[in-house]
Amino acid sequence: AQEQGTSPFPKHQETIKMDPSDQKIFTVIDYVIFAVLLAASMGIGLYYALSGGRQRTTQEFLMADRSMGCLPVSLSLIASFQSAVAIIGVPAEIYTHGTQYWFIGCAYILGLLIPAHIFIPVFYRLRVSSAYQYLELRFSKAVRICGTLTFIFQMVIYMGVCVYTPAFALNAVTGFELWGTVLATGLVCTLYTTLGGLKAVIWTDVFQTVVMFAGQLAVIVVGVQKTGGVADVWRKVWEGNRISGLDLNPDPTERHTFWTLGVGGVFLMLSLYGVNQAQVQRYLSSRTEKEAVRSCYMVFPSLQLALALSCVMGLVMFARYYMFIVCFPQMVIYFVMDMLHGLPGLPGLFIACLFSAALSTISSAFNSLATVTMEDLIKPQYPAMTEARATLLSKVLAMSYGLLCLAMAYLTHLMGDSVLQVALKIFGMVGGPILGLFCLGMFFPWANSIGALVGLCVGLVVAFWLGIGSILTRSTRPLPLECSANVTIAIQTAISLFFSQPSGLKRFYSLSYMWYSGFNCTTVILIGLIISFLTGPTKEEDVMPGTLYPLLGKLFCFLPEHLKKKLCCVTPLGQTVSEKIDLIAKNLATFIYNVFAVE
């Protein structure tokens with residue numbers, strides 16, 4: 001509609017600027033519900049600090065004694081991904097641009113199947129504690145350290161976004177001091193993560209996931225009722241062109257199409273669920289490899305439900321303000337308070353929902369950062385460190401990262417993009433090169449450590465060149481249609497944009513942020529392979545067993561065995577200990593049978 005020069009909004013609209021101060025309607029019940037959330041999270045942390053092994057070993061504090069079942073692990077995987085960024089960002093995206101973003105659900109299929117059948121078996125069978133231990137086993141210690149430092153950088157920045165978003169929301173609806181709220185969020189999360197370790201993090205995630213779904217569902221039910229019912233909501237979103245069809249435009253600079261979301265989103269999901277330490281650590285805390293794989297499968301329907309709830313909330317929000325063009329950066333919060341006005345307890349439930357999402361994501365980050373710092377940077381330097389001292393140091397690290405994220409929240413305050421876009425850009429810019437590094441090691445036997453290091457460095461340089469370039473050129477772009485006070489000017493702006501597409505470097509900077517992960521991952525792989533062949537490719541027999549996944553062998557299964565061997569396509573995946581025992585037992589039984597048969 002924008003490209004054809006017609007307004008996507010109905011006629012006779014008014015432009016309104018929402019004042020969040022009008023909606024500060026927290027009651028005593030709301031404060032009680034919010035306090036219960038924080039108290040319950042702290043209580044779970046205290047429980048695991050005082051029960052079981054009392055977090056006296058790094059194995060218990062960082063890995064939950066590798067004793068978790070698939071249900072709590074799967075809910076924790078959801079909570080780590082479903083942050084306050086998604087709960088606020090996705091409805092705002094749907095309200096502004098329509099339901100095209102919903103197609104990212106297609107990426108969830110491969111984005112979870114590939115980790116379940118490729119990454120989880122490799123990591124679990126190697127019995128690593130940190131995903132980056134794999135990089136040393138496959139390449140070298142230098143590659144491991146570089147991968148660890150890159151991950152730390154990524155998560156510290158992302159934590160700032162996750163802390164700031166719900167704090168801003170609470171400030172908007174209650175008038176609480178913004179930075180006081182940021183401090184409270186960070187400290188509560190830091191304390192229960194430091195006290196209870198990974199077990200506390202996982203079980204608080206389970207509790208917080210239930211609160212998240214309950215809060216979103218309450219807003220949707222009340223919103224539909226106050227807007228006139230399901231039929232009226234559907235009519236308004238249809239007339240307002242908010243139901244998007246399948247956009248097969250192959251242009252990579254288009255912000256959201258089926259290809260950017262369904263294909264580019266796969267790389268984003270792989271960087272999150274395949275090689276991100278926060279998620280890998282949960283897989284590795286499972287009792288068995290099968291439990292870890294099953295937990296990955298169980299994430300899929302829950303993620304689809306979470307996406308559906310966020311998208312439906314955006315549609316209800318559009319139907320509610322159908323006759324207005326809304327200009328308020330945290331309009332989701334305004335909508336929630338508008339809908340839940342006069343219903344004591346429900347505003348508190350939704351704010352608890354936001355904070356549940358934030359706390360689960362942040363606590364996961366703290367724990368994973370403490371793990372990689374301990375396992376990848378400190379323990380290799382001090383191998384004789386006692387278990388008691390290592391556990392104490394792990395807790396200090398978790399607390400230190402908690403305090404560091406508070407500083408990052410201030411930087412988030414200075415960013416101009418939507419919270420959803422900022423978060424996904426961060427994962428694309430940094431997560432993409434990390435994903436490329438792991439793919440280079442697992443799928444390409446010829447890759448060597450020099451190629452891996454150069455590939456990672458070039459990938460990060462290109463990623464930041466692209467990301468910073470897009471931010472600098474963004475300032476020259478016209479305001480979006482939804483925030484133009486004059487609809488005629490908005491239409492003229494849309495027409496001028498249509499006939500003046502970017503070219504050269506500007507077109508490169510206009511690449512959809514959903515392609516960042518895929519583009520940066522591919523850059524690392526290509527540069528890594530080129531450098532590896534120039535410096536002497538690694539021979540298959542020199543690669544540590546179990547660190548390769550026979551992807552090429554499966555893709556080229558039609559080739560003769562001798563050709564596959566020349567192409568290094570026949571390396572088997574490492575076996576689990578139980579599989580090795582079974583194989584030995586079978587061989588022994590066969591040997592005994594043959595001996596007695598001969599006699």
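## Cysteines

C353 is buried, its relative accessible area being 0%; buried denotes a relative accessible area under 20%, exposed over 50%, and partly exposed in between, with a 1.4 Å probe and protein chains only. C439 is likewise buried, at a relative accessible area of 8%. C439 takes part in no disulfide, and the nearest cysteine sulfur, that of C521, lies 4.5 Å away.

A disulfide is a covalent bond between the sulfur atoms of two cysteines. Here the criterion is a pair of cysteine sulfur atoms within 2.5 Å, and by this rule the count is zero disulfides.

## Basis of the model

This is a predicted model, in which local features need pLDDT of at least 70 and side-chain atom pairs count only at pLDDT 80 or more, while totals for chains, interfaces and linings use all residues. Residues are numbered from 1 along each chain as its sequence is written, and side-chain values use heavy atoms, with hydrogens and water left out.

## Overall composition

The protein contains 24 helices and two strands; these are DSSP runs numbered from the N terminus, with helices being H or I of at least four residues and strands E of at least two. Of the 599 residues in the protein, 58% are buried.

Among contacts with a separation of 6 or more, 86% are between residues 24 or more positions apart. Contact means heavy atoms within 4.5 Å.

## Packing of α1 against α15

Helix α1 (residues 28-50) packs against helix α15 (residues 346-378) at an angle of about 25°, and their axes are 7 Å apart. Axes are lines fitted to C-alpha atoms, for helices over the stretch in contact, and angles run from 0 to 180 degrees between N-to-C directions. The two helices α1 and α15 are therefore roughly parallel (angles under 35 degrees; over 145 is roughly antiparallel, 65 to 115 roughly perpendicular and the rest oblique).

From α1, the residues D30, I33, F34, L37, L38 and S41 meet L346, P347, G348, L349, I351, A352, F355, S356 and L359 of α15. By class, this contact of α1 with α15 comprises 11 nonpolar, three polar and one charged residues. Ala, Val, Leu, Ile, Met, Phe, Trp, Tyr, Cys and Pro count as nonpolar, Asp, Glu, Lys and Arg as charged, and the others, Gly among them, as polar.

## Packing of α12 against α15

Helix α12 (residues 277-284) also packs against α15, at an angle of about 80° and with the axes 9 Å apart. This makes α12 roughly perpendicular to α15.

Q277, A278, Q281 and R282 of α12 meet S364, N367, S368, T371 and V372 of α15. The contact of α12 with α15 has two nonpolar, six polar and one charged residues.
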